[in-house]
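This briefing sets out selected side-chain features of the structure shown below. The points are grouped by topic.

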Amino acid sequence: MAFLSKSIRLYVVCFCLPIPIWLLFIVIQQHNGFNFTLLTPQNKPDYLWLTLIMPLLEEYAFRGALQTALLQHPIGQRHFYRFSVANLMTSLVFSMWHIPNQGLYWASAVFIPSLIFGQLREKT
């Protein structure tokens with residue numbers, strides 16, 4: 001991938017990074033008796049929506065719009081440890097946005113990846 005620009009390489013990494021995490025969550029949920037029916041062949045449109053279209057829309061809304069707007073405010077530019085306040089606030093809102101449909105367990109599971117993606121967004 002040396003022929004691709006740095007931003008394209010980071011995009012590919014960010015797009016592929018969640019795959020093993022999701023697979024691990026699926027294995028854990030199935031072990032606990034949860035039936036993850038969205039991965040069955042009869043639901044291919046739902047699978048495509050949940051794995052490709054929805055994440056792109058979420059990243060555009062939260063990273064592209066919310067985090068960008070918060071970074072323009074002086075408070076959003078401050079840092080807490082290594083993370084900007086804008087990134088922390090965006091990740092918190094992003095996690096809370098997942099609670100109604102996915103519950104607290106899944107919502108808390110997206111907080112750390114959200115911080116990482118926010119950090120990558122600010123560095124590129």
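Gln119 lies in helix 6, which spans residues 111–123. The model is a predicted one, and the values given here are computed from it. Gln119 has a relative accessible area of 18% and is therefore classed as buried, the limit being under 20%. Leaving out residues up to four places away in sequence, Gln119 touches Arg82, Phe83 and Asn87.

- With a relative accessibility of 24%, Pro113 counts as partly exposed.
- Pro113 and Ser91 are 22 residues apart along the chain, and their C-alpha atoms are separated by 8.7 Å.

**Ser95 in helix 5**

- Ser95 belongs to helix 5, the element that covers residues 85–109.
- The relative accessible area of Ser95 is 7%, so this residue is buried.
- When neighbours within four places in sequence are set aside, Ser95 is in contact with Ala107, Val110 and Phe111.

**Aromatic pairs**

- A pair of aromatic rings is described by the distance of the centres and the angle of the planes.
- The structure holds 3 aromatic pairs.
- One of them joins Phe62 and Phe94 in an edge-to-face arrangement, with 5.0 Å centre to centre and 75 degrees between the planes.
- This pair links distant parts of the chain, since Phe62 is in helix 3 and Phe94 is in helix 5, 32 residues apart.
- Phe62 and Phe94 are both buried.
- Phe80 and Tyr81 form another edge-to-face pair, at 4.8 Å centre to centre and with 85 degrees between the planes.
- Phe80 and Tyr81 are each exposed.
- Phe62, Phe94 and Trp97 are linked into a cluster by ring pairs.

- Arg63 lies over the face of Phe94, at 5.9 Å from the ring centre.
- Side chains of opposite charge can pair when their charged atoms come close.
- The structure holds 1 salt bridge.
- In that salt bridge Arg63 is joined to Glu59, and the closest N and O atoms are 3.3 Å apart.
- Arg63 and Glu59 are 4 residues apart in helix 3, which means that about one helical turn separates them.
- Arg63 is buried because its relative accessible area is 4%, against a limit of under 20%.
- Glu59, at 28% relative accessibility, counts as partly exposed.
- Arg63 thus takes part in the salt bridge with Glu59 and also lies over the ring of Phe94, whose pair partner is Phe62.

**Nonpolar surface patch**

- Leu48, Trp49, Leu50, Leu52, Ile53, Leu56 and Leu57 form a nonpolar patch on the surface.
- Together these residues have about 580 Å² of accessible area.
- Leu57, one of the patch residues, is found in helix 3, which runs over residues 44–71.
- What is the accessibility class of Leu57? Leu57 counts as partly exposed because its relative accessibility is 46%, and partly exposed residues fall between the buried limit of 20% and the exposed limit of 50%.

Technical notes:
Residues numbered from 1 in each chain as written. Predicted model: local features only at pLDDT ≥ 70, side-chain atom pairs only at ≥ 80, totals over all residues. Heavy atoms only, no water. Patch = residues over 30% accessible without salt bridge, like charges linked within 9 Å, V, L, I, M, F, W, Y side chains within 5 Å. Areas by Shrake-Rupley, 256 points an atom, 1.4 Å probe, with all protein chains shown as cover. Salt bridge = Lys/Arg side-chain N within 4 Å of Asp/Glu carboxyl O. Helix = DSSP H or I, 4+ residues; strand = E, 2+ residues; numbered from the N terminus. Buried < 20%, exposed > 50% of the residue type's maximum accessible area, 1.4 Å probe, protein only. Phe/Tyr/Trp six-rings, centres within 6.5 Å; stacked < 30°, edge-to-face > 60°. Lys NZ or Arg CZ within 6 Å of the ring centre and 35° of its normal. Contact = heavy atoms within 4.5 Å.
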